[in-house]
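Here's a quick briefing to read with the model open beside you.

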Amino acid sequence: MAAEIRSAIGSYRVMTITGMGGAGKTRLAMQLAADTIDDFEHGVRLVELAAVADDALVADAVAATLGYQPAPDVSRFDTVANGIGDRQLLLVLDNCEHVIDAVHELVQHLVGRCPSLTVLATSRERIGATGEAVFAVPPMAMPGDDDVAAVRAASAVQLF
């Protein structure tokens, strides 16, 4: 799946890795970010949204992570968009599911304002952005028997 998403990075500006909790979405996104960092002139930035409990704070969390200070009379969305500007950047938004509406709205705004921005999101559901490519990660396999070798070889066990 990583190769499929990697090849899509040049074709889509918004990509979402979906799947159940514990399926490996974050791990896959981090690997893709590491593999593609040299493809983005201004690098890769990770914004972890798991601790953001309110939709109204999503743009603030992104701005803070990116080091952008809000200016008087500038919306939170515009603060982020102005900071990114025309930088060629991969923005990884991790754990979006509980603030999906705010992430959708922010991503739509950023893609419209920041021509060289690519967004890679992880979520249990698609964010619903225009032109979004969705990659579903299946649950990790775990054998149903007591064979120790089979359990050790299972992808769920290998993750840990």
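Asn-95 sits in the loop between β3 (89–94) and α5 (100–113), where helices (H or I, at least four residues) and strands (E, at least two) are DSSP runs numbered from the N terminus. Its phi is near 65°, a positive value in a residue other than glycine. Keep in mind that this is a predicted model, in which local features need pLDDT of at least 70 and side-chain atom pairs count only at pLDDT 80 or more, while totals for chains, interfaces and linings use all residues. Residues are numbered from 1 along each chain as its sequence is written, and side-chain values use heavy atoms, with hydrogens and water left out.

**Loops and backbone**

- Leu-49 is found in the loop between β2 and α3, and at 0% relative accessibility it counts as buried (buried is under 20% relative accessible area, exposed over 50%, partly exposed in between, with a 1.4 Å probe and protein chains only).
- Leaving aside neighbours within four places in sequence, Leu-49 is in contact with residues including Ala-61, Asn-95, Cys-96 and Val-103 (contact means heavy atoms within 4.5 Å).
- Asp-73 is another residue with positive phi, near 60°, and it isn't a glycine either; it lies in the loop between α3 and α4 (76–84) and counts as exposed at 85% relative accessibility.
- Gly-67, which follows α3, has a positive phi near 80°.

**Overall layout**

- The protein chain has 7 helices and 5 strands, running in the order α-β-α-β-α-α-β-α-β-β-α-α.
- Out of 160 residues, 42% count as buried.
- Among contacts with a separation of 6 or more, 73% come from residues 24 or more positions apart.
- Accessible surface comes to about 8300 Å², with 51% of it belonging to carbon and sulfur atoms (areas come from the Shrake-Rupley method with a 1.4 Å probe; for residues, only the protein chains shown count as cover).

**Buried spots**

- In α3, the buried residues are Val-58, Ala-59, Ala-61, Val-62, Ala-63 and Leu-66, and their cover includes β2, α4, β3 and α5.
- Thr-18 lies in strand β1 (residues 14–18) and is buried, with a relative accessible area of 9%.
- Beyond residues up to four places away in sequence, Thr-18 touches several residues, among them Lys-25, Arg-126 and Val-137.

**Charges**

- Side chains of opposite charge can pair when their charged atoms come close.
- The count comes to 4 salt bridges (a side-chain nitrogen of Lys or Arg within 4 Å of a carboxyl oxygen of Asp or Glu).
- One of them joins Asp-60 and Arg-76, the closest N and O atoms being 3.1 Å apart; Asp-60 is in helix α3 and Arg-76 in helix α4, so the pair ties together parts 16 residues apart in sequence.
- Arg-113 pairs with Asp-78 in a salt bridge, with the closest N and O atoms 2.6 Å apart; this links helix α5 to helix α4 across 35 residues.
- Glu-132 and Arg-126 form a salt bridge with closest N and O atoms 3.4 Å apart; Glu-132 counts as buried at 10% relative accessibility, whereas Arg-126 is partly exposed at 46%.
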